[in-house]
Amino acid sequence: MKPVKTVAIIGGGPSGCALATLLKRKNFNVSVFYLEKRPEIIVGESLVPAIIPFLRELGVEDEVKTYSTYKPGASVWTNKDEEATSPFSFGEGTLPPYAYNVPRLDFDKTIFDLAKREGVTFFHQQAKVEVTGNGDELKLSDETINAIGNYFNGQPDLIVDASGRSRMISRLMNIPTWEGKRKDVALFSHMKDTEPIAPFNIHLHRLEKGWSWRIPLPGRTSIGVVINPEHLKEYGSTKEERYDNYLKSEPTLKKFTQNGTRATGVVQYDNYQLISQKMYGTNWALTGDAAGFLDPIFSSGLFLAIKGAFRMAKAIEGGTDAHYKQYQKEQMRELYVWQKLIDTWYSGRLFTLMRVGMDRMDTALGRFLGPHMQKHLTRIFTGEAVYRWYSRRFLNFVTGSMIDWMKLGRLHNRDVRDLEVK
């Protein structure tokens, strides 16, 4: 990579605008191309404590706090009557013991407005990118250069794709991807007059088919279902019919939503597991969802997008191929570690561990392992489990070998079955 002074960022979402802010603060000439095509509601409303230090560094936590609900922990339900709650303080780590549930349109506007206040130049139009024919080098089209009045006096030194799931550069260059085994569909809306949630934890439910979230927001609750699309066919032909009918027929959701009404339309998302296998090239780089995105189960999406922006800013400031290579290595490693945690949810091993753990707390083994399990399971929901090597190894053990031993009857005198998410 050659030294970078001018940067064109494609996408005005949180990752692109956070990156633009950080670069502007380092005196880079940076611009953001964006189109105001925002859906009524956006997935990714529940933040994890690991994002709070980044919000503080950006200087926006106080603003985010004004329109959000304070989130002190997470609650997981294996069925409609069996709940396990973990306040974030149980993680006993270095992170704040709280996060926020955020209306995404407000949150995204906060990061967008921050970039504007910092002096970032915005172009309200689509950026067209072309391959130059010189290796994997890219350029903005002549049409785009002319539309912005030759702002860069030629081509920008670096083009960053922060276009989200549109993945503009990846699609243009046919970059190979890793895709997860799950091909679920998420349907969600905001509802009013549902059963109140207090304190304002995120609530995650294992259902008879798929799983769901309940996220308390100011004046309403975000309720989503993630499910195999084959299961949805029996509930109707449109996303609205499928969502409404599923809520009425699923025992857990019916319990919590039977007196509620939708305050918004229904939004659908497909495929939550995709990681680009190349995240930078001669004069381009990927960040945010354009680089990789995962299932929303542990609320990692916005955190990874914002943290990726910080990593990318560091790579651009460093300026060498080694810096970009380090960025790619760290991003891929983090996405894969999160994916391993997500797999324990779908395989049912996380549920099995929680259920067996509660059942065995009165034994010598339970008293020994209980505090460790509580701490490190909580760190999954704070975001800290990914960064602490001991947490990672402990969770690998208790969701792997330990459960396998239980199934053989060595640590438990009853049948142990994984509570798989179907």
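Mentor: Let us begin with a cluster of rings. In this predicted model, one aromatic cluster is formed by Phe188, Trp211, Trp213, Tyr269, Phe298, Trp345 and Phe381.

Trainee: How many aromatic pairs does the structure hold?

Mentor: A pair of aromatic rings is described by two quantities, the distance of the centres and the angle of the planes. The structure holds 20 such pairs. One of them joins Phe54 and Phe310, whose centres are 4.9 Å apart and whose planes make an angle of 55 degrees, a tilted arrangement. Because Phe54 belongs to helix H2 (residues 52–58) and Phe310 to helix H10 (residues 301–318), this pair ties together parts that are 256 residues apart in sequence. Both Phe54 and Phe310 are buried.

Trainee: Which geometry is found for the pair of Tyr151 and Phe152?

Mentor: Tyr151 and Phe152 are arranged edge-to-face, with 5.0 Å from centre to centre and 85 degrees between the planes. An angle over 60 degrees places a pair in that class. Tyr151 is partly exposed, at a relative accessible area of 27%, whereas Phe152 is buried, at 7%.

Trainee: Where does the charged end of Lys116 sit?

Mentor: The charged end of Lys116 sits over the ring of Phe122, 5.8 Å from the ring centre. Another case is Arg214, which lies over the face of Phe256 at 3.7 Å from the centre of that ring.

Trainee: Is Lys307 buried or exposed?

Mentor: Lys307, which has its place in helix H10, is buried, and its relative accessible area is 15%. Apart from neighbours within four places in sequence, Lys307 contacts Phe54, Glu334 and Tyr387.

Trainee: Against which elements do the buried residues of H4 pack?

Mentor: Helix H4 (residues 104–117) has 14 residues and reaches 20 Å from its first C-alpha to its last, close to the 20 Å expected. Its buried residues include Phe107, Ile111, Phe112 and Leu114. The buried residues of H4 pack against helix H1 (14–25), H2, helix H3 (61–67), strand S7 (121–123) and H10. After H4 comes Gly119, with a positive phi near 95 degrees.

Trainee: What is the mean pLDDT of the protein chain?

Mentor: The mean is 89, and 90% of the residues reach 70 or more. Over residues 410–414, however, pLDDT stays under 50, and the model has 11 contacts beyond four places in sequence for them.

Technical notes: Residues are numbered from 1 along each chain as its sequence is written. This is a predicted model: local features need pLDDT of at least 70, side-chain atom pairs count only at pLDDT 80 or more; totals for chains, interfaces and linings use all residues. Side-chain values use heavy atoms; hydrogens and water are left out. Rings of Phe, Tyr and Trp (its six-membered ring) pair if their centres lie within 6.5 Å; planes under 30 degrees apart count as stacked, over 60 as edge-to-face and the rest as tilted. Helices (H or I, at least four residues) and strands (E, at least two) are DSSP runs, numbered from the N terminus. Buried means under 20% relative accessible area, exposed over 50%, partly exposed in between (1.4 Å probe, protein chains only). A charge sits over a ring if NZ of Lys or CZ of Arg is within 6 Å of the ring centre and within 35 degrees of the ring normal. pLDDT is the predictor's confidence in each residue, from 0 to 100. Contact means heavy atoms within 4.5 Å. The expected span of a helix is 1.5 Å times one less than its number of residues.
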